[in-house]
Amino acid sequence: MKKRLTDIINNMHKYNSSNLCKDMFGFDENIIYDALVIAPGWKATNIIKDGSFNITVLAEHSYICGFLLEKDNLKIAWIQCSPGASNLIDHLSVCAEINFKKLIFVGAVGSLSTDYNVGDLCTPSYSISGVFANAYLGDRLSDYKPFEKIYPDNNYINRIIDLAKKSNYELKKASVFCTDSIALEYSHLDEIKSFNTALIEMETSSFYLLADLFEIPAIALLAVSDNSSAGDPLVGRNDELNKKYHYCRNTVIPDLIYKIAKSE
């Protein structure tokens, strides 16, 4: 863990309880979790359909939940929070109080290109920070530079791509634009596309900035939910597209979470 994250959690403790993660998500600071999953909008009880997982609801609040997933002696902590960069930063940063070996982001992503279709499984090659919340991760708000490219650990990403391939899953690398608004992104699509990004979502630039502070292997797994270039809507998908999307979300991603948690 880098000093910046230590300072962040210590500053929170000055004004709040010393066990924020326990109070918010029910996680035990004495357990070393095999992985931590953060899933904006996705509750584990709605996503995991595989009966071989045992799911325990540890905490349930108005818009955040904590879950424990257990399978084959693995313990996986799962956070559900609201969408948006600021929500991810707020809820992932308190997890500096607990111990985990790997960090996994899961969520939906929109496609800006006909190269990536509904139901595809993707991971960022880089994420463009089109959100202001990331400014708060720095030392000074005034130093923030919007629209920077945030890169993951490419060597680790390639390892997970190979792991997926062994299970006959294609995990595609693609550039991502991170937006602060879903409703308003459509009014800025031409400008957003000028950044030459293939996908659009809200949180992965923040996720990878925090992953760097945690100094823990991290990957984002994204299920393509819509495609503005192909005319496949986010709201109002037909049955065929829904089937493809939910197969990726409810079958492929949970299986990869398990295999990532199990991997060395």
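**Aromatic pairs and packing**

Visitor: How many aromatic pairs does a search of the whole structure find?
Guide: The search finds 12 aromatic pairs. Keep in mind that this is a predicted model.

Visitor: What is the geometry of the pair of Phe132 and Tyr144?
Guide: Their rings are edge-to-face, with 5.6 Å centre to centre and 90° between the planes.

Visitor: And where do those two residues lie?
Guide: Both Phe132 and Tyr144 are in the loop between β8 (121-129) and β9 (149-150), so the pair ties together parts 12 residues apart in sequence.

Visitor: Is Tyr144 buried or exposed?
Guide: Tyr144 counts as buried because its relative accessibility is 19%, and the cut-off for buried is under 20%. Phe132 is partly exposed, at 44% relative accessible area.

Visitor: What about Phe177 and Phe195, how are those rings arranged?
Guide: That aromatic pair is tilted: the centres are 5.4 Å apart and the planes make an angle of 40°. Phe177 belongs to strand β10 (residues 171-178), while Phe195 sits in the loop between α6 (189-193) and β11 (199-201), so the pair ties together parts 18 residues apart in sequence.

Visitor: What are the relative accessible areas there, Phe177 to begin with?
Guide: Phe177 has 4% and is buried. Phe195 has 24% and is partly exposed.

Visitor: Which residues do ring pairs link into a cluster?
Guide: Phe25, Phe27 and Tyr33 are linked that way.

Visitor: Helices now. At what angle do the axes of α5 and α8 cross?
Guide: Roughly 120°, and the axes come within 11 Å; α5 covers residues 154-166 and α8 covers residues 239-262. That angle makes α5 oblique to α8. The crossing is right-handed.

Visitor: Which residues make the contact?
Guide: From α5 there are Tyr156, Ile160, Leu163 and Ala164, and from α8 there are Leu256, Lys259 and Ile260. By type, the contact of α5 with α8 has 6 nonpolar residues, no polar ones and 1 charged.

Visitor: Last topic, Val37. Where does it lie?
Guide: Val37 is in strand β2 (residues 35-40). With 0% relative accessibility, Val37 counts as buried.

Visitor: What does Val37 touch, not counting residues up to four places away in sequence?
Guide: Val37 touches Ile76, Ala77, Trp78, Ile79, Ile104, Val106 and Ile257.

Visitor: And what separates the C-alpha atoms of Val37 and Leu92?
Guide: A distance of 9.6 Å, with the two residues 55 apart along the chain.

Methods: Residues are numbered from 1 along each chain as its sequence is written. This is a predicted model: local features need pLDDT of at least 70, side-chain atom pairs count only at pLDDT 80 or more; totals for chains, interfaces and linings use all residues. Side-chain values use heavy atoms; hydrogens and water are left out. Axes are lines fitted to C-alpha atoms, for helices over the stretch in contact, and angles run from 0 to 180 degrees between N-to-C directions. Helices (H or I, at least four residues) and strands (E, at least two) are DSSP runs, numbered from the N terminus. Angles under 35 degrees count as roughly parallel, over 145 as roughly antiparallel, 65 to 115 as roughly perpendicular and the rest as oblique. A crossing is left-handed if the near helix is turned anticlockwise from the far one by less than a right angle, and right-handed if clockwise. Contact means heavy atoms within 4.5 Å. Ala, Val, Leu, Ile, Met, Phe, Trp, Tyr, Cys and Pro count as nonpolar, Asp, Glu, Lys and Arg as charged, and the others, Gly among them, as polar. Rings of Phe, Tyr and Trp (its six-membered ring) pair if their centres lie within 6.5 Å; planes under 30 degrees apart count as stacked, over 60 as edge-to-face and the rest as tilted. Buried means under 20% relative accessible area, exposed over 50%, partly exposed in between (1.4 Å probe, protein chains only).
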